[in-house]
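I opened this notebook to record what I looked up in the structure. The entries follow the order in which I consulted it.

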Amino acid sequence: MTGPRNQKSVILDRLDEQIVCCLQISPRVPFRRIAQVLNVSERTVARRYKAMCRAGVLQVVANISPVALGESDWIVRVRTRPDAVLGTAQALARRPDVSWVSVNAGGSEIVCSVRSHTQEEREHLLLDRLPRSAAVLDLTLSVILRRFVGGKATDLVAEPGVLTPEQAEQLAVERQVPRYASIPVVESLDPGDYAMFRVLARDGRAPVGALARAAQVSEGRAGRRLDTLLGSGVVYLHVDLSTTALGYPIAAHLWLTVPPDRLESTCEAIAEHPEALFVAAISGRSNVLAWIACRSLDGLYQYVTERIGLLESVHSVEVSPVLQTLKQSGTHVDGDLLTVHK
């Protein structure tokens, strides 16, 4: 990969794309294993990975599943005065309980995801601060009922065919990410878990030794606890990517209306689309939200007409183009590139 930190000069070659795909299959796979699969040196893999991180193309990060803690995720659509949209979006992006923020439509709408740890925090933001802001004209709240895409490393764009089936099989891990509905609910995580998580939130590939020092436990205990948290789905790893740098500069949110008895099958069908970065059943009049990325506006048109349009269960669709992303998966975005996580 060459070029300074500028979205027009970030170019991923075939090897960069292969490394990204390897990490999507197994986010904590050792560099030496990637090197063996791709038939290059371990030093080359490490150098390419660090270069992509520095350039703002890629970050491997961790998140705690809200389901595990009995919490809820909310999707918020905020319509503001055009002159206040960017300032409001930036203020929301600075909040630790807001995990992604974008400016949509004609530049007067903000879409964000809110995950507050307590009901009081959520109500303070959604029922007090935002409604009382003079810049806010309208507010629509939807709770995420179930995720179908979102919560595993393979969610973001991976170009088909970058790895051969044999290469992908060599990287596959036996542990499967639990389905959203099967993630266990725990009353709370202990202080050591949170200490480890804070390290993983900055670097999902942090060595076990760093996690052990943070939690003040032995490396063996830290490794076993990490396996438990990841294996149960309580903590999940995310390969955060700049879709623009990967050649997908057009993003949009699709708000779909689907009959309740077709909700599951429709979401599962959209989840199979490579363009889908996030798919969830939500509350409200539009009961499915899909976040997609395409190579061009014509590609977006074709996706809506040929992929979504062929789903008989979809009664209506609203296309809300993303004009600017300020935060995704908790990672701040500068232009189209990722900045230091948390």
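**Entry 1. Charges over rings.** I began with arginine side chains placed over aromatic faces. I found R205 over the face of F31, at 4.4 Å from the ring centre. I also found the charged end of R295 over the ring of Y248, 4.3 Å from its centre. I note here that the model is predicted, and that side-chain atom pairs were counted only at pLDDT 80 or more.

**Entry 2. The chain as a whole.** I then looked up the overall composition. The protein chain has 11 helices and 12 strands. Of its 342 residues, 54% count as buried. The exposed surface comes to about 16200 Å², and I noted that carbon and sulfur atoms supply 51% of it. For contacts between residues at least 6 apart in sequence, I recorded that 76% join residues at least 24 apart.

**Entry 3. Helix α2.** Which residues of α2 are buried? In this helix, residues 31-38, I listed F31, I34, A35, V37 and L38 as buried. Seen down the axis of α2, these buried residues fall within an arc of 165°, so they line one face of the helix. R32 and Q36, on the other side of α2, are exposed. I next asked what covers the buried residues of α2. The cover includes α1 (14-25), α3 (42-55) and α6 (165-171).

Entry 4. N39, which follows α2, has a positive phi, near 60°. N39 is not a glycine. I placed N39 in the loop between α2 and α3. With a relative accessible area of 70%, N39 is exposed. Q216 likewise is not a glycine and has a positive phi of about 60°. Q216 sits in the loop between α8 (208-215) and α9 (219-232). I recorded Q216 as exposed, at a relative accessible area of 74%.

**Entry 5. Aromatic pairs.** How many aromatic pairs does a search of the whole structure find? The search returned three. I examined W100 and F278, whose ring centres are 6.0 Å apart and whose planes stand at 65°, so the pair is edge-to-face. The cut-off behind that label is an angle over 60 degrees. W100 lies in strand β3 (residues 98-104) and F278 in strand β8 (residues 276-282), so this pair ties together parts that are 178 residues apart in sequence. I checked the accessibility of both members: W100 is buried at a relative accessible area of 9%, and F278 counts as buried at 5%.

I then examined W100 with W291. Their ring centres are 5.9 Å apart and their planes lie at 20°, so this pair is stacked. W291 lies in strand β9 (residues 288-294) and W100 in β3, so the pair ties together parts that are 191 residues apart in sequence. W291 is buried, as is W100.

**Entry 6. Cysteines.** I searched for disulfides and found zero in the structure. I looked up C53 and C294 individually. C53 is partly exposed, with a relative accessible area of 24%. C294 is buried, its relative accessible area being 5%.

Entry 7. Where does R81 lie? I located R81 in the loop between β2 (74-80) and α4 (85-93). I then looked for its partners elsewhere along the chain. Leaving out residues up to four places away in sequence, I found that R81 touches A134, A135 and L137. The C-alpha atoms of R81 and V136 are separated by 6.7 Å, although these residues are 55 apart along the chain.

Terms used: Residues numbered from 1 in each chain as written. Heavy atoms only, no water. Disulfide = S-S within 2.5 Å. Buried < 20%, exposed > 50% of the residue type's maximum accessible area, 1.4 Å probe, protein only. Helix = DSSP H or I, 4+ residues; strand = E, 2+ residues; numbered from the N terminus. Arc of directions from axis to C-beta. Contact = heavy atoms within 4.5 Å. Areas by Shrake-Rupley, 256 points an atom, 1.4 Å probe, with all protein chains shown as cover. Phe/Tyr/Trp six-rings, centres within 6.5 Å; stacked < 30°, edge-to-face > 60°. Lys NZ or Arg CZ within 6 Å of the ring centre and 35° of its normal.
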